[in-house]
Amino acid sequence: MENQEYIISIQNLSKSFDGKKVLDDINIKVKSGEFVTLLGPSGCGKTTLLRMLAGFLAPDEGTILMDGKDISDTPPNHRPVNTVFQHYALFPHLDVYDNVAFGLKLKGVPEKEIDERVRKVLKIVSMTDYEDRDVESLSGGQQQRVSIARAIINRPKVLLLDEPLSALDLKMRKDMQIELKEMHKQLGITFIYVTHDQEEALTLSDTIVVMNEGKVQQIGTPADIYNEPVNSFVADFIGDSNIFNGIMLEDRKVSFIGHEFECVDEGFGENVPVDVVIRPEDVYIMNQDTGAQFTGKVTSCTFKGVHYEMYVNTDDGFEIQIQDYNAFEVGSTVGMIIRPNDIQVMKKDHVINRFEGQMTDSSHVNILGEDFECPETGFEAGTRVVAEIPFDKVDLTDEQSDGTLYGEVHALLYKGNHYHLTVRTEDGDDIFVDTNDVWDKGDLVGVNFPAQDLIIRKKDENV
Ligand code: ATP
């Protein structure tokens, strides 16, 4: 059976709370012994998914197979999993030894065996000398080690870890990351780890599942995710990146920041709008312009410990972030080169705003629950239409009441010479906006569509 090579197989899993989908058709397969991290911004559904694996929450749709068996009806305590939470949840009145031994004692395991097993797991979590210590006298990192010991003593096949290091300070977190990886190797059990910290995910995981808004965006090794992000969300979320609008001119030729570049991508078609990602460390910077593909002026240069981080304004008006071991003086003119292998080309999810609606009369269209003036169409009231508006034609206002619609800036992406925003309306519709104005995530805005910029066609007409 195909599923048996996977210890966990999550199939078409969906979950809604109060009518809002928080997990949407999730499909993930986990191999035995793998270290898999669920990574995504706050609210993307990571914890909900972990709770379903643990059995604390039931899916609305879909199945979870463990060892090839559907575990939908298996209660939490009969699943071969154990969970380590962000907060340690230790018994304050028991010492380290008794906290770890608790589950085994409850099960009536013979004392000699308990003793052996407790000592073994305390060794794994480097807490051998702390058996008699009161848990409240321990540091956060030590308490978390005890929680892990308690979770692994029952020999679960799968350990679920929900942001276990997030309550620790940076130094302790880094140390614990190394220890967790070591523990994983030593134990040989499958780890499913939840975090919103991309660096932690890149450090620890065999496989990363990047999630956003209840959907899986990409599954891959840390190197895959970093080097070959599948969309601009992943590129922006993982590491620093320059993201530009581009046009794939033909196979292996892409245009962005006002220049044509050779790349390695094929199969996009000709003259197709794309997103282009360039990692800051992949831009070669030099003092002279001979041999450079494009030139610009350094606007800032900051030492970051190992490398310098610089911002350069190109002669064509794009800002580009560059990391280099050498510093280039602010104000100096520099030349730059980007190699074909370092250009990551991605398909765009949307190239224009497109809404379905109907005409209220021949020059007004009802879309997103509101009437908008549009160019004269000659269409009768009630005609089903598709209305389009380019991203850069959408008008945003400070005052919500000045807009025909209003919404909240839900996501934003800097594209080198403008911002690409997603404005989400009260009804949950997304409007994409390209603007030079600076907005913050969470800003409440009014939205207008200038009448002359709305493009209306009958619904069944071909694009
Ligand atoms: P964080 O890192 O902040 O914990 P997350 O990615 O783990 O975020 P979840 O905790 O899974 O996200 O939450 C996903 C969404 O579901 C959020 O919008 C959250 O408010 C909502 N949610 C979670 N549990 C419930 C619940 N029991 N009832 C209603 N809504 C819930």
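**Exercise 1. The whole chain**

How many helices and how many strands are there in the protein chain?

Before the count, a word on the model: it is predicted, so local features need pLDDT of at least 70 and side-chain atom pairs count only at pLDDT 80 or more, while totals for chains, interfaces and linings use all residues. Residues are numbered from 1 along each chain as its sequence is written, and side-chain values use heavy atoms, with hydrogens and water left out.

Step one: helices (H or I, at least four residues) and strands (E, at least two) are DSSP runs, numbered from the N terminus. Step two: the protein chain has eight helices and 30 strands. Step three: its C-alpha trace spans about 85 × 60 × 45 Å along the principal axes.

**Exercise 2. Inside and outside**

Work out what share of the protein chain is buried, and look at its surface and contacts.

Step one: buried means under 20% relative accessible area (1.4 Å probe, protein chains only). Of the 463 residues in the protein chain, 48% are buried. Step two: the accessible surface (Shrake-Rupley method, 1.4 Å probe) comes to about 22600 Å², and carbon and sulfur atoms hold 45% of that. Step three: take contacts, meaning heavy atoms within 4.5 Å. Among those in the protein chain with a separation of 6 or more, 65% join residues 24 or more positions apart.

**Exercise 3. Around the ligand**

Which residues come nearest to the ligand?

Step one: a residue is near if one of its heavy atoms lies within 4 Å of the molecule. There are 13 residues around the ligand, and Ser42, Gly43, Lys46, Thr47 and Thr48 come nearest.

The distance is 2.5 Å for serine 42, 3.0 Å for lysine 46 and 2.6 Å for threonine 47.

Step three: the ligand taken alone exposes 630 Å², and the protein buries 61% of that. Strand E2 (20–31) and helix H1 (46–54) are the elements that give two or more residues to the shell; H1 gives the most, with three.

**Exercise 4. Cysteines**

How many disulfides does the structure hold?

Step one: look for a pair of cysteine sulfur atoms within 2.5 Å. Step two: the count is zero. Step three: check two cysteines for burial. Cysteine 263 is buried, because its relative accessible area is 3%, and cysteine 374 is buried too, at 4%.

Notes:
A polar contact is a pair of N or O atoms within 3.5 Å; within protein, one must be able to donate a hydrogen and the other to accept it, and residues adjacent in sequence count only if both atoms are side-chain atoms. Buried means under 20% relative accessible area, exposed over 50%, partly exposed in between (1.4 Å probe, protein chains only).
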